[in-house]
Amino acid sequence: MMERRKVKTMMKQLKWLMLMGLAFPQMVLATNLAGIVIQNSTGELITRSVEFEEAELTAEELLVRSGFKMTIAEFSFGKSVCFLHDEGALDPSQCFDHPQQWFWNFFQKSSTPDWVAASTGISSATVVHGDLIGFAFGAFDTVQLPPMTF
């Protein structure tokens with residue numbers, strides 16, 4: 001009889017801890033979701049969503065977790081994508097050496113309706129739940145991602 005009471009008491013305590021998120025904290029963590037949009041040189045759009053449990057990530061971390069094949073290089077303004085999804089420069093030293101001066105333009109979109117050209121590299125840009133990051137392959141100021149929601 002004493003054993004049964006102990007078990008009941010322990011079960012009540014465990015239930016309370018679970019409700020408070022203390023027994024199994026991973027069960028109460030909300031999964032966040034952000035999206036990646038890639039527009040290649042032909043205008044084709046490739047999209048992918050990435051789940052994460054952190055409150056925020058850098059755009060670089062999100063891109064790495066997406067599984068896209070890529071090459072990233074460090075520059076004075078931060079890290080930049082040189083090669084992404086079969087286009088661009090595999091060699092980071094040739095990141096901006098395309099014959100037509102094409103490169104991966106980096107865009108961000110949060111609660112605003114329009115894409116905004118990023119003013120920092122992907123290692124400095126933060127991403128939170130519901131955000132989109134985008135990359136368009138083309139010359140500076142000649143490419144723009146289409147309107148979209150996530």
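Leaving aside its neighbours within four places in sequence, glutamate 60 is in contact with Ile72, Lys79, Ile122 and Ser123, where contact means heavy atoms within 4.5 Å. Before I go on, please keep in mind that this is a predicted model, in which local features need pLDDT of at least 70 and side-chain atom pairs count only at pLDDT 80 or more, while totals for chains, interfaces and linings use all residues. Residues are numbered from 1 along each chain as its sequence is written, and side-chain values use heavy atoms, with hydrogens and water left out.

Is glutamate 60 buried or exposed? Glutamate 60 has a relative accessibility of 16% and therefore counts as buried, a word that stands for under 20% relative accessible area, with exposed meaning over 50% and partly exposed in between, using a 1.4 Å probe and protein chains only. This residue has its place in helix 3, and helices (H or I, at least four residues) and strands (E, at least two) are DSSP runs, numbered from the N terminus.

Helix 3 covers residues 59-66, and its buried residues are Ala59, Glu60, Leu62, Leu63 and Ser66. Looking down the axis of helix 3, we find these buried residues within an arc of 165°, so they line one face of the helix; the arc is that of the directions from the helix axis to the C-beta atoms. Just after helix 3 comes glycine 67, which takes a positive phi of about 90°.

Stepping back to the whole chain, we have three helices and ten strands, and buried residues make up 36% of its 150 residues. Among the contacts with a separation of 6 or more, 50% are between residues 24 or more positions apart.

Let me turn to the largest pocket. A pocket here is an open set of points on a 1 Å grid over the protein atoms alone, where a 1.4 Å probe fits and with protein on both sides within 12 Å along at least five of seven lines, and lining residues have an atom within 4 Å of a point. Which residues lie nearest the centre of the largest pocket? They are Phe103, Asn105, Phe106, Ala118 and Phe140, out of 21 residues that line the pocket. Strand 5 (78-84) and strand 7 (103-109) are the elements that give two or more residues to this lining, and strand 7 gives the most, with five residues. The volume of the largest pocket is about 350 Å³, volume being the space filled by probe spheres set on the points, which are joined across faces, edges and corners.
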